[in-house]
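Subject: Structure for you to look at

Hello,

Here is the structure I said I would pass on. Please open it beside this message and read the two together.

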Amino acid sequence: MNKIAKLFVTFISAITLALVSFTSSFAKVEGEYIVLGSAISLTGKYSSNGVHTQNGYNMAVDRINKMGGVEVQGKKYKFEIIYYDDESNPKRAAQLAERLIKQDGVHYMLGPYSSGLTKAIAPVTEKYKIPMVEANGASRSLFTKGYKYLFAVLSPANQYLEVAIDLAVEKNGGKGVKIAQAFEQDAFSQDVRLGILDAAKRTGSEIIIDDKLPKELNDMAATLAKVKAVKPDVLVVSGHTKGALTAIRQISEMKVDVPMLAMTHCDAAKLSKQHGKKSEFALCASQWHKNLSYKDKFFGSGKKYAKDFQKEFGYDPPYQSAESSAALLVFKDAFERANSFDRDAVRDALVDTEMQTFYGNIKFGPGGQNVAKPMILFQVRCKGDDCENRVVAPTKWASDKFYHPIPKWSERS
Amino acid sequence: MEKVKQKDLILYSGLIILGLAAPYLFSAFKVQLTYLCVLIVLAMTWNLQGGEMGYNTFGNILFYGLGMYLTASVQVGMFFPLAEWTESGGEKTFVHTTAQYFQGIGVGLLVSAIVPAVIAGAIGYAILGLRGHYFAICTLGLGIAAGEIAGGIEIIGAGQGFTTPPFPAEIVDTEARGKFFYFLSFALLVGTFIFVKYIYGSRFRLILNAIRDNEDKAEAMGIQTMKYKIVGWMCSAFFCGLAGGIMGGLIGYIDSTDVAFDGREMGVFMVLMAILGGKGTLWGPVIGATLFHFFKEGLWTLILGWQYVALGVLIVVIVVYFPEGLMGWLREKYPERFGEVIDEKDRKAQVELK
């Protein structure tokens with residue numbers, strides 16, 4: 001035993017030495033770089049949206065750096081981001097946030113993907129008073145916890161599909177509708193659900209199916225069988241990218257006829273590309289669409305952003321990428337107005353943010369959510385085999401009329 | 001004998017001093033160190049079933065998750081209406097005072113130790129009659145079922161998750177939270193180690209071993225195996241519940257399947273760590289968990305996107321080259337250092353018998 005004990009002691013002391021030499025932390029600003037940190041889902045169930053987020057961040061970092069960077073106290077700085085993979089796991093995300101702040105010495109954070117992970121990171125950034133601009137945590141409960149260092153460039157989740165219910169009621173001559181809904185069991189989708197419950201109450205609509213879907217979502221046939229039996233006026237589905245893909249796949253396989261299908265994450269799932277005509281008439285909530293008329297000097301218009309993004313990454317940017325890019329613009333703006341790297345000065349500058357980006361107007365409410373930007377709805381429409389997302393609401397940007405009701409499968413070619 | 005004991009004493013006091021000094025020496029690594037303590041506790045308690053008793057359980061994650069939810073629920077429920085706390089979009093904000101926070105977590109941890117132990121007793125009574133693979137698969141189901149059920153209970157946040165009470169804002173020191181959870185988990189680790197070491201020197205361990213080696217014979221010898229199996233599981237559940245409670249407070253956000261009943265990660269890790277170090281040994285799980293944690297923290301970020309492939313390779317390497325774990329491997333190579341005497345005559349005699 002004593003030899004083993006010696007071995008063990010040697011092992012421990014070796015590790016001790018290694019750790020002590022590692023502890024030297026980096027600075028928040030290194031030479032000409034402002035270092036931002038972010039835990040992103042590169043693997044696991046949110047990996048596709050995690051990559052959309054990362055691409056959005058990278059695109060903005062490149063663009064801002066190329067166009068002169070950030071000017072603070074007369075000196076030009078460039079952005080740099082340290083990424084870790086949170087594996088789509090809140091436990092890991094919280095740990096990595098701690099690591100970014102304590103070991104890598106990051107003083108400014110960018111958000112992760114999804115509400116659940118943001119919920120896990122926010123207590124950490126709050127504890128260390130690290131300003132975090134996040135672009136992908138929409139759950140309303142994030143903004144009611146009194147967080148002072150959390151800023152979200154997007155609209156809260158409960159607003160996603162409320163408008164869709166209003167549209168359905170309008171098409172029904174102002175009378176309440178019958179709603180069937182199925183939501184993934186995660187923070188974001190459950191918040192979308194709460195928004196629908198509010199809308200149903202307000203419009204006197206009735207919820208006749210209220211299902212929960214598992215996290216590793218790849219089957220919702222049970223819900224769809226019920227939908228076939230009770231014939232609701234609206235079917236609402238939300239479950240990130242996998243939810244959107246599963247819904248369209250099974251609705252078309254089972255030939256489920258509903259007059260209106262409202263979803264989230266259609267553009268992130270590239271529905272119109274992946275499922276083509278099968279996805280036609282799906283109504284989708286979105287934070288952003290390239291046809292919107294917002295502008296800024298870095299990316300120009302939404303259309304220009306989409307073109308540049310397409311060139312760089314080879315696909316049309318979903319709103320997850322656009323809002324992520326916008327987060328960097330917000331940070332740049334705040335640094336320049338604060339004219340300092342003091343965390344509290346930057347935080348105060350963030351509070352006063354009022355700007356227009358290609359993604360939309362940004363102004364933070366008392367809870368940290370963006371209050372200056374409406375949600376939009378688009379509908380997948382096809383010409384031949386070519387399908388596209390067309391904005392149908394709000395009317396200011398609508399390029400197409402909302403098509404209602406969805407024709408029956410037997411009548412679709 | 002005296003000499004060995006003195007050496008042990010030096011080793012233990014050295015480790016305790018290192019443990020107490022660690023959060024000051026490696027201030028930036030407090031959270032990782034806390035994780036390490038919890039991982040060791042999980043590996044050691046799993047070893048009681050998987051290593052000593054020969055019952056490969058995937059169900060210990062159930063107690064870990066239960067402990068997490070219980071601690072948080074008690075901590076909130078003692079002072080505020082739990083349903084309003086977990087309701088998403090609730091406009092009210094509840095803030096724990098410093099005293100409330102610590103009272104809450106204290107009582108919460110007590111509950112999170114006792115209730116899982118009781119539940120382990122009840123479930124154990126029902127399923128510990130199963131043996132081998134049947135038991136393993138049954139316990140695998142336990143963790144998954146618990147995750148799905150917890151995801152449907154509104155009062156603990158359902159799919160929204162449960163944000164645990166934030167560390168009291170009146171404590172200005174930003175390091176205080178990290179230190180508090182580290183020392184809590186370190187105390188748990190020391191407690192667990194003393195308990196397991198005590199078991200290793202007791203008749204109880206011999207009975208567990210007898211069950212592992214041949215349960216029917218053990219029963220024929222007059223041992224009430226069921227009783228001991230249940231008690232063994234309850235002991236594990238007690239410490240797993242505490243570990244979960246501490247983790248919940250540290251992470252700050254409980255999600256039903258990804259944080260609490262996280263069978264896919266924690267549930268597998270605890271098995272892997274025990275096997276890596278060597279199951280059925282006192283130090284095996286400790287060494288296994290330590291190595292695993294360092295491997296994970298050190299390498300995973302370097303091989304972004306490939307970390308699970310690397311983990312898969314690690315599992316294969318362990319199973320192929322170290323089926324008995326590191327301790328088992330060392331023991332085979334240097335048996336005399338483990339106090340084993342090889343009687344050449346006896347060995348030859350056995351070979352001849354075969």
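Below is what was found in it, chain by chain.

This is a predicted model, in which local features need pLDDT of at least 70, side-chain atom pairs count only at pLDDT 80 or more, and totals for chains, interfaces and linings use all residues. Residues are numbered from 1 along each chain as its sequence is written, while chains are lettered from A and ligands numbered from 1 in the order in which they are written.

Chain A overall

Chain A has twelve helices and 18 strands; helices (H or I, at least four residues) and strands (E, at least two) are DSSP runs, numbered from the N terminus. Its radius of gyration is 23 Å, close to the 22 Å from the globule rule for 413 residues, so chain A is as compact as a globular protein of that length. That radius is taken over C-alpha atoms, and the globule rule is 2.2 Å times the number of residues to the power 0.38. Along the principal axes, the C-alpha atoms of chain A fill a box of roughly 75 × 65 × 40 Å.

Of the 413 residues in chain A, 56% are buried. A residue is buried if 20 or more other C-beta atoms lie within 10 Å of its own, exposed if 12 or fewer, and partly exposed in between, with C-beta atoms placed from the backbone. Two residues are in contact if their C-beta atoms, placed from the backbone, lie within 7 Å. Among the contacts in chain A between residues at least 6 apart in sequence, 69% join residues at least 24 apart.

Domains of chain A

Chain A is divided into domain 1 (29–155 + 292–363) and domain 2 (159–286 + 375–411); the bounds come from an automatic or database domain assignment. The centres of domain 1 and domain 2 of chain A, taken over C-alpha atoms, are separated by 29 Å. Where they touch, domain 1 of chain A gives 19 residues and domain 2 of chain A gives 15 residues. On the domain 1 side, the elements that give two or more residues are α2 (47–66), α4 (115–127) and α11 (319–338) of chain A. By class, that side of domain 1 of chain A has six nonpolar, ten polar and three charged residues. Here Ala, Val, Leu, Ile, Met, Phe, Trp, Tyr, Cys and Pro count as nonpolar, Asp, Glu, Lys and Arg as charged, and the others, Gly among them, as polar.

Most residues other than glycine have a negative phi, and most peptide bonds are trans.

- A:Gln73 is not a glycine but has a positive phi of about 45°. A:Gln73 lies in the loop between β3 (70–72) and β4 (75–85) of chain A, and is exposed, with 8 other C-beta atoms within 10 Å.
- A:His240, also not a glycine, has a positive phi of about 55°. A:His240 is in helix α8 (residues 240–254) of chain A and counts as buried, with 23 C-beta neighbours inside 10 Å.
- The peptide bond from A:Ala393 to A:Pro394 is cis, with omega near -5°. A:Pro394 is in the segment after β18 (386–393) of chain A.
- The peptide bond from A:His404 to A:Pro405 is cis, with omega near -10°. A:Pro405 lies in the segment after β18 of chain A.

A:Ile207 lies in strand β9 (residues 206–213) of chain A. A:Ile207 is partly exposed, because 18 other C-beta atoms lie within 10 Å. Leaving out residues up to four places away in sequence, A:Ile207 touches A:Ile179, A:Gln181 and A:Ala200. A:Val234 is 27 residues from A:Ile207 in sequence and 9.6 Å from it in space, C-alpha to C-alpha.

Chain B

The secondary structure of chain B comes to 16 helices and two strands. A compact globule of 354 residues would have a radius of gyration near 20 Å, and the 22 Å of chain B agrees with that. The C-alpha atoms of chain B fill a box of roughly 80 × 45 × 45 Å along the principal axes. Buried residues make up 45% of the 354 residues in chain B. Of the contacts in chain B with a separation of 6 or more, 80% come from residues 24 or more positions apart.

One helix pair in chain B was examined. The axes of helix α5 (residues 98–127) of chain B and helix α10 (residues 225–251) of chain B come within 7 Å and cross at roughly 145°. Axes are lines fitted to C-alpha atoms, for helices over the stretch in contact, and angles run from 0 to 180 degrees between N-to-C directions. The contact of α5(B) with α10(B) has 16 nonpolar, eight polar and one charged residues.

Regards
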